[in-house]
Amino acid sequence: MYFAHLFVILQGEYARKETMILNYDVIIIGGGHAGCEAAVASARMGAKTCLVTMDMNKIAQMSCNPAVGGIAKGQIVRELDALGGEMGRVTDATAIQFRMLNRGKGPAVWSPRAQCDRGKFIWKWRETIDHTPGLDIWQDQADELLVENGCAVGVKTIWGVELRAKSTVVTAGTFLNGLLHVGRKMVPGGRIAEPAVPHFAESISRWGIRTDRMKTGTPVRIDKRSVHFEDLEEQPGEQDFHKFSYLGEPRPLPQLPCWLLNTNHRVHEILRSGLDDSPLYNGQIQSIGPRYCPSIETKLITFPDREQHPLFLEPEGTDTNEMYLNGFSSSMPIDVQIEALKQIPALRDIKVYRPGYAIEYDFFDPTQLKHSLESKVLRGLFLAGQVNGTTGYEEAAGQGLMAGVNAALNSQSTEYEPFMLARDEAYIGVLIDDLVTKGVDEPYRMFTSRAEYRILLRQDDADARLTERAYQLGLASRERYDWWLQKKNEIERIIHFCENTPVKPRDINGALEALGTTPLQFGCKVADLIARPQLSIDKLADIIPSLKEIISSPENRQEEIAEAAEIRIKYKGYIEREKLVADKMHRLENIRIKGRFNYAELHEISTEGRQKLQRIDPETLAQASRIPGVSPSDINVLLVLLGR
């Protein structure tokens, strides 16, 4: 009787074991910065989209520094905003300090950066996603990539649910086989107190997609009530008109200071005493970390003669005592980290919420991707963010938006024309081209020096470069496009006035001498004066009433418009020269070579060039010219063989 009853129960269980299937056009795996931008972009393109995340309450979590922007990264966020992305608007809404970096240099490298309220940043993103039509959230964990006939068709989750779609975008960050390190202690995890994702990377790599391991880290978090601020140097933010988004209101939150401090020789002594237990130096960590954001122990080894290293104590929000110690990334044992920090006068009574830690994780070789971020191996599979070997929220978000757009296009037609950005069009274009052409041997971080057309890729003109394209694609809103048209007309009106309005020496020479610049011998145009390095459009407006009138129009955001006009006037020659160089390179971009050569048989080119060309199989001659190991003479050989 017992066994008969058990059989009936098992029959019922078997009947209920039918797999639950949810169908979408696009599935996004991972709710980080890449995943959020990908999901919103895909949905706005008209694709029925599902964002799969392990925790709906940690969407767009700032795993490390609660800040957005910085050198070249700020330009990426401005580009995202110009394209219709959301990171810029979320940042402005949650910023607690803003600064424009590199203001002492030319505008080609001006870079916005904002410290954000970590908690409010998450909930602002969550609000954005919740109010995006056509976008669902599914809280679960991807366990297996589903592949049929050489195409990715969705994922199976740990709860046995199948989410099927024409396009699958993987943006899993540091969670794939993530392993946390604090001293000799190792714990599986994607972030501290969050589980790692096992198996999923293997379900992708089994199809021939190459994987490797990378490492990154984060610093200790400090209770501000234990800090002696009287021993610190205050670093206030800026209160001017600059922000990230071309739309929206000024920053609404209270603006808070950051604080400057330094390590000292006693700190270094204690850290050195713990190096035997450092995962980076005892053989525990084998993978490569970010060269441009080294741990404090790496700084000690790399710069043994330095007596101190700068640190920045930064607030995590308006309503929390938690502070972030920028510059002290570490995976040393907990006691070593705390004892070393207590040697800094301002931190002598330090209390911490959690130690710094390192994390190792799987990433995929980005040279196996097309410029659309679709896999060359599996149709319908897109990869974006740290899974492509990058580091940083901004680099991830830029990839995410592009992957989301192309995933949506692919869901409409497998013969879609991909949406791509050229190297002279956006830092996002530079980023993706570097990844798919050159690959990575360390976590990739964007710098202005990586862009050969920096003067064309300024933070002030991202909307001029990208908004019209995004609007035509259906990505940017009508509101964003209309504001760009209004701004464009205003800029042109100011430039036309400056280039056509004469100034006489007798009317202005006294004021010019007072401003420290050479008086005029002959009359000139207002634009000629703006071009002088000692002068600005604001200074001249104070002494030329008609100029003041035209840049003080009641139109919105007039300060931003005047600055954009001034940059175009002041750097006109540089901008035009760089455009000529970019136009020449476009000729090579138009020469398509994919599928036209069997590189293994081309003995006229170097062995290294042959091997690299065969491995990456570039789309165009220009892409081939950027592959490390492919020489100019190799490119000339290809040109000859093409009959050019």
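How many residues lie between β8 and β9 in their hairpin, and which residue in the turn has a positive phi? Two residues separate the strands, and Asn149 in the turn has a positive phi of about 55°.

1. Basis. This is a predicted model, in which local features need pLDDT of at least 70 and side-chain atom pairs count only at pLDDT 80 or more, while totals for chains, interfaces and linings use all residues. Residues are numbered from 1 along each chain as its sequence is written, and side-chain values use heavy atoms, with hydrogens and water left out. Helices (H or I, at least four residues) and strands (E, at least two) are DSSP runs numbered from the N terminus.

2. Strand β8 (residues 142-148) pairs with β9 in the antiparallel sense over six bridges; two strands pair if DSSP finds at least two bridges between them. Within this pairing, Leu146 has Gly154 of β9 as its bridge partner. On β10 (residues 162-164), three bridges join the strand to β9, again antiparallel, and Arg164 stands opposite Gly154. The hairpin of β9 and β10 has four residues between the strands, and Gly160 there takes a positive phi near 85°.

3. Burial of β9. Strand β9 (residues 151-157) is mostly covered, with five of its seven residues buried. Buried means under 20% relative accessible area, exposed over 50%, and partly exposed in between (1.4 Å probe, protein chains only).

4. Thr168. This residue is found in strand β11 (residues 167-170). Thr168 counts as buried because its relative accessibility is 0%. Contact means heavy atoms within 4.5 Å. Leaving aside neighbours within four places in sequence, Thr168 is in contact with Val153, Gly154 and Val155, and also with Ile27, Ile29, Leu145, Gly380, Leu381 and Phe382.

5. The sheet β4-β6-β5. Three strands form an open sheet in that order, with antiparallel pairing. Its edge strands are β4 (67-69) and β5 (95-101), each of which pairs on one side only. The twist averages 15° from one strand to the next. Six bridges join β5 to β6 (residues 111-116), and Phe98 stands opposite Ala114 in β6.

6. Helices on and beside that sheet. Helix α4 (residues 87-94) lies across β4, β5 and β6, running at about 115° to β5. Axes are lines fitted to C-alpha atoms, for helices over the stretch in contact, and angles run from 0 to 180 degrees between N-to-C directions. The axes of α4 and α5 (residues 118-130) come within 9 Å and cross at roughly 135°. That makes α4 oblique to α5, since angles under 35 degrees count as roughly parallel, over 145 as roughly antiparallel, 65 to 115 as roughly perpendicular and the rest as oblique.

7. Residues of the α4 and α5 contact. From α4 come Met87, Val90, Thr91, Ala93 and Thr94, and from α5 come Lys120, Phe121, Lys124, Trp125 and Thr128.

8. Positive phi in two loops. Leu373 is a residue other than glycine with a positive phi near 70°. The residue is found in the loop between β20 (357-364) and β21 (381-383), and Leu373 is buried, with a relative accessible area of 0%. Asp617, also not a glycine, has a positive phi of about 50°. Its loop runs between α20 (607-616) and α21 (621-625). Asp617 counts as partly exposed, at 26% relative accessibility.
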